[in-house]
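Colleague: Could you walk me through this one, feature by feature? I'd like the general idea each time, then the case at hand.

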Amino acid sequence: SFRDSLTDFFNIFFWINFTLAILNLIPIFPLDGSWILKAFLPPSVAYSYSRLERYGAVLLLLAFFLGWLKYYFMPATWALFSLLDIAGLHHLAGYLS
């Protein structure tokens, strides 16, 4: 039915946006997480961290192809499922299972 299709569309839309938001918080340049981390570092450490900026894309691709991102996404996904369950929205978490 149209209602089921619309529900599926918004569920998929939610999960795509959630995944992109979590991905963007990884503290590797050029992602936003690197700028957030840099803001909390002492100036001397932030400067050294900034020097790694030119290698960010390579590090990100390496993390992706070697499967390291699962160690980042698994806790983030678990945290979201827990929050959805606490908020009484566990049916959204059940969409992927």
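This is a predicted model: local features need pLDDT of at least 70, side-chain atom pairs count only at pLDDT 80 or more; totals for chains, interfaces and linings use all residues.

Colleague: On to helix pairs. How do the axes of α2 and α3 cross?

Modeller: With helix pairs, look at the approach of the axes and then the angle. Helix α2 covers residues 32-40 and helix α3 residues 43-50; their axes come within 8 Å and cross at roughly 155 degrees. Angles over 145 degrees count as roughly antiparallel, so that is how α2 runs relative to α3.

Colleague: Which residues meet in that contact of α2 with α3?

Modeller: From α2 you have Ser 34, Leu 37 and Lys 38, and they meet Ala 46, Tyr 49 and Ser 50 in α3. By type, the contact residues are 3 nonpolar, 2 polar and 1 charged.

Colleague: What about Asp 32, how exposed is that one?

Modeller: Asp 32 is in helix α2. Its relative accessibility is 40%, so it counts as partly exposed. For a distance, take Asp 32 and Tyr 49: they are 17 residues apart along the chain, and their C-alpha atoms are separated by 14 Å.

Colleague: Now a whole helix: which residues of α4 are buried?

Modeller: For a helix, list the buried positions and then ask where they point. In α4, residues 56-65, the buried ones are Gly 56, Leu 60 and Ala 63. Looking down the axis of α4, they fall within an arc of 65 degrees, so they line one face of the helix.

Colleague: Which exposed residues does the face of α4 turned away from its buried side carry?

Modeller: Val 58 and Phe 65 are the exposed residues there. Just after α4 comes Gly 67, which takes a positive phi of about 80 degrees.

Colleague: What's the general idea behind a nonpolar core?

Modeller: In soluble globular proteins, nonpolar side chains tend to be buried together. Here the largest nonpolar core has 13 residues, and those with the most contacts inside it are Phe 18, Ile 22, Ile 26, Leu 69 and Leu 80. The elements giving two or more residues to this core are α1 (2-24), α4 and α5 (70-86). Of these, α5 gives the most, with 4 residues.

Colleague: Which residues is Leu 80 in contact with, leaving aside its neighbours within four places in sequence?

Modeller: Phe 14, Trp 15 and Phe 18. Trp 15 lies in helix α1, and its relative accessible area of 7% makes it buried.

Colleague: How many Å separate the C-alpha atoms of Trp 15 and Trp 35?

Modeller: The separation is 24 Å, for two residues 20 apart along the chain.

Definitions and conventions
Residues are numbered from 1 along each chain as its sequence is written. Side-chain values use heavy atoms; hydrogens and water are left out. Buried means under 20% relative accessible area, exposed over 50%, partly exposed in between (1.4 Å probe, protein chains only). The arc is that of the directions from the helix axis to the C-beta atoms. Axes are lines fitted to C-alpha atoms, for helices over the stretch in contact, and angles run from 0 to 180 degrees between N-to-C directions. Angles under 35 degrees count as roughly parallel, over 145 as roughly antiparallel, 65 to 115 as roughly perpendicular and the rest as oblique. Contact means heavy atoms within 4.5 Å. Ala, Val, Leu, Ile, Met, Phe, Trp, Tyr, Cys and Pro count as nonpolar, Asp, Glu, Lys and Arg as charged, and the others, Gly among them, as polar. A nonpolar core is a set of buried Ala, Val, Leu, Ile, Met, Phe, Trp, Tyr and Cys residues joined through side-chain atoms within 4.5 Å.
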